[in-house]
Every structure is written in structure tokens, then in C-alpha cells.
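Hello,

Here is the structure I promised to pass on to you.

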Amino acid sequence: MKTISTFHEIHQYVTETHKQLRIVAVNAIDEATKEALRLVVDTHLAEVIHIDDALPERAAEKAVALIRRGDADVLMKGLIGTDILLRAILNKVSGLLPEGQVLTHLSVAEIPTYPKLLFFTDVAVIPYPTQKQRTEQVRYAVNICHKLGIREPRIALIHCAEHGGRQFPFVEGYKDIKLLATQGTFGKCIVDGPLDVKSACSVEALKAKGISSPLNGEADVLVMPDIEAGNAFYKSMTLFAGAHTAGILCGTVCPVIVPSRGDSTEAKYNSILFALACL
């Protein structure tokens, strides 16, 4: 499989694999979600099962039950509160998160000024990742990169500088994650950090700072220190840099798409493509 580096190539990959996939959409009554799902059906990428209910909690429970029964492969949020959907997903008896798994969010962006897809986590779920959560974020990101043909993904553990300090105790945990990577815990990948975003994604920035990194300014994945950094990065890229984005929840038994109400049809369609490619 060749390395996928654009959303167009993701579309081609999903089309070529031609799996008989099913998306269950919860209260997909807003125009952007409806149009994105129409595109999926028109291009024969998947079948869509609509679950609509005046009581959002009931709609969420029905959709989760479909996934658990094996009658659908991907779950997509429509016009329903994310908190309501997450309650159904996280239900210890009837939900979609296996015991011991970490629920997190992974985004991917196609940026006009970057030569490949750039993945980053977490902009939507975990406010301040624990060491275990951050370790799992790396694991999920590596696995998804492998699915998309990125044989040795370069993972940057992001911070505002190349060192930590007492006020940033989480940076100490980066050392352990790098050690796990060298031991092969995550499979084939290169992990380095702390690095700032510019040093992670620009060899010129590395040279200007006089530092070296095995990532060589060519990061595939940015593991953000917290949700504030991740969310600000996401919003800045889409607003100022013309980035095309997608995102899914990881850790669940199936990909879960939880777009923002303000996301465009294109962003929601890209997220569907991303979810289908991850199966």
C-alpha cells in the first residue's frame, strides 16, 4: 500500500477497498451532516442507517446498540449534544469503550503549506492527558498511520520549548514514551520531544535553533500537551491556513465521528472518509 498524503487519496483508498460498510447516523437532521451523508451514498462508499428520535438520549442508545450487535460499522453524531452521545458510548454495561481502553480524539489535516497529512491529538475529549492517556494517544496515532500506509510515522511530543521545567511536570513523561518507542512497544515509528510545532515540522527551524531531532522537521503526528493547545491549533489552521480537516474518536470498538455543529459539509465528509479508511 502506498503512503496516503491527501484526502483525495483517502477517498481513492476507501473506494478501492470497496468494503460493504454501514454508518449509523444519530439525529442527522442538520443540512451539513445530511449533505455529507448524501455524498457518501451517492459515491457508493457506505450504506447509511438513520436513527432519529425526539429524545436524544434514546437515539444515542439505539445507535450504540446497533454497533454492539454488529449491524453497523461507524457511528456518526448529527444534531445531538456530544455529552449525550458520549454518555451512551461510555456506559459500562452497554457502551462502546472496552474496559481499560482510553477514549481520545485524533484529527488529521491537509494543509496547503505542508507536504503530507498532519495528524494531531487531542482537540475534543481529554483536557489534560495523564501519562497513560498520552501513551495511548501515541499508540492509536501510530496504528492509524500504519493503516494509511505511513510505514514509520514520525511522532512529535509537543511543548513550547525543547525542555521542561518544574511548572511543566508532564514533559518528564515524554522520556518514558520515547523509551517505549525505542523498545518497539508501538510498532515501527520514531518518537521525539519535547519539540515545539515549528521545530517538529520544519527542518529550517531545527537548524536555526541549532538542535537535532530524528524527526528532521518532518512530523506526521503532533501529540499536543493539552486540549487548549490542540483546539487552538485546530481552529487556527482552519481559519488562517485554509486547512482541510477530519477527526474521529479512538479507543472505541468502532470509529466514532463527532463533528462540531459549525463544521462544513466538506469537513464532515472528510471525517467520514477518515473513519472508513481506519476500519
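Below is what I found, going from the whole protein to single residues.

First, the ground rules. This is a predicted model, in which local features need pLDDT of at least 70 and side-chain atom pairs count only at pLDDT 80 or more, while totals for chains, interfaces and linings use all residues. Residues are numbered from 1 along each chain as its sequence is written, and side-chain values use heavy atoms, with hydrogens and water left out.

**Overall picture**

The secondary structure comes to 10 helices and 10 strands; these are DSSP runs numbered from the N terminus, with helices being H or I of at least four residues and strands E of at least two. Along the principal axes, the C-alpha atoms fill a box of roughly 55 × 35 × 35 Å. The radius of gyration is 19 Å, which agrees with the value near 19 Å for a compact globule of 279 residues. That radius is taken over C-alpha atoms, and the globule rule is 2.2 Å times the number of residues to the power 0.38.

Of the 279 residues, 53% count as buried. Here buried means under 20% relative accessible area, exposed over 50%, and partly exposed in between, using a 1.4 Å probe and protein chains only. As for contacts (heavy atoms within 4.5 Å), 71% of those between residues at least 6 apart in sequence join residues at least 24 apart.

**The cavity**

How many cavities of 30 Å³ or more does the structure hold? There is one, and the space in this largest cavity is about 40 Å³. For the method: on a 1 Å grid over the protein atoms alone, a cavity is a set of points where a 1.4 Å probe fits but cannot get out, and lining residues have an atom within 4 Å of a point. Grid points are joined across faces, edges and corners, and the volume is the space filled by probe spheres set on the points.

The lining consists of Val14, Thr15, Thr17, His18, Lys19, Leu21, His44 and Leu45. By class, that gives three nonpolar, four polar and one charged residues. The classes put Ala, Val, Leu, Ile, Met, Phe, Trp, Tyr, Cys and Pro under nonpolar, Asp, Glu, Lys and Arg under charged, and the others, Gly among them, under polar.

**Backbone points to check**

His44, one of the lining residues, has a positive phi of about 60° although it is not a glycine. His44 is found in the loop between helix 2 (31-42) and strand 2 (47-51), and counts as exposed at 62% relative accessibility. Asn216 also has a positive phi, near 55°. Asn216 sits in the loop between helix 8 (203-209) and strand 8 (221-223) and is partly exposed, at 35%.

Two cis peptide bonds are also listed here. One runs from Thr121 to Asp122, with omega near 0°; Asp122 is in the loop between strand 5 (118-121) and helix 5 (131-147). Another runs from Gly193 to Pro194, with omega near 5°, and Pro194 lies in strand 7 (residues 190-195).

**Salt bridges**

The structure holds 16 salt bridges, each being a side-chain nitrogen of Lys or Arg within 4 Å of a carboxyl oxygen of Asp or Glu. Among them:

- Glu162 and Lys209 meet at 3.1 Å, N to O. Glu162 lies in the loop between strand 6 (154-158) and helix 6 (172-182) and Lys209 in helix 8, so the pair ties together parts that are 47 residues apart in sequence.
- Glu172 and Lys175 meet at 3.3 Å, N to O; both lie in helix 6, three residues apart, about one turn of the helix.
- Glu9 pairs with Lys2, the closest N and O atoms being 3.8 Å apart. Glu9 is buried, at 17%, whereas Lys2 is exposed, at 55%.
- Asp53, Arg58 and Lys62 are linked in a network.

**Around Ile29**

Ile29 is found in the loop between strand 1 (22-26) and helix 2 and is partly exposed, at 48%. Leaving aside neighbours within four places in sequence, Ile29 is in contact with Lys34, Asp52 and Leu79. The C-alpha atoms of Ile29 and His50, 21 residues apart along the chain, are separated by 9.5 Å.

Best wishes

Methods:
1 Å grid on protein atoms, 1.4 Å probe; cavity = no way out; pocket = protein on both sides within 12 Å on 5 of 7 lines; lining within 4 Å.
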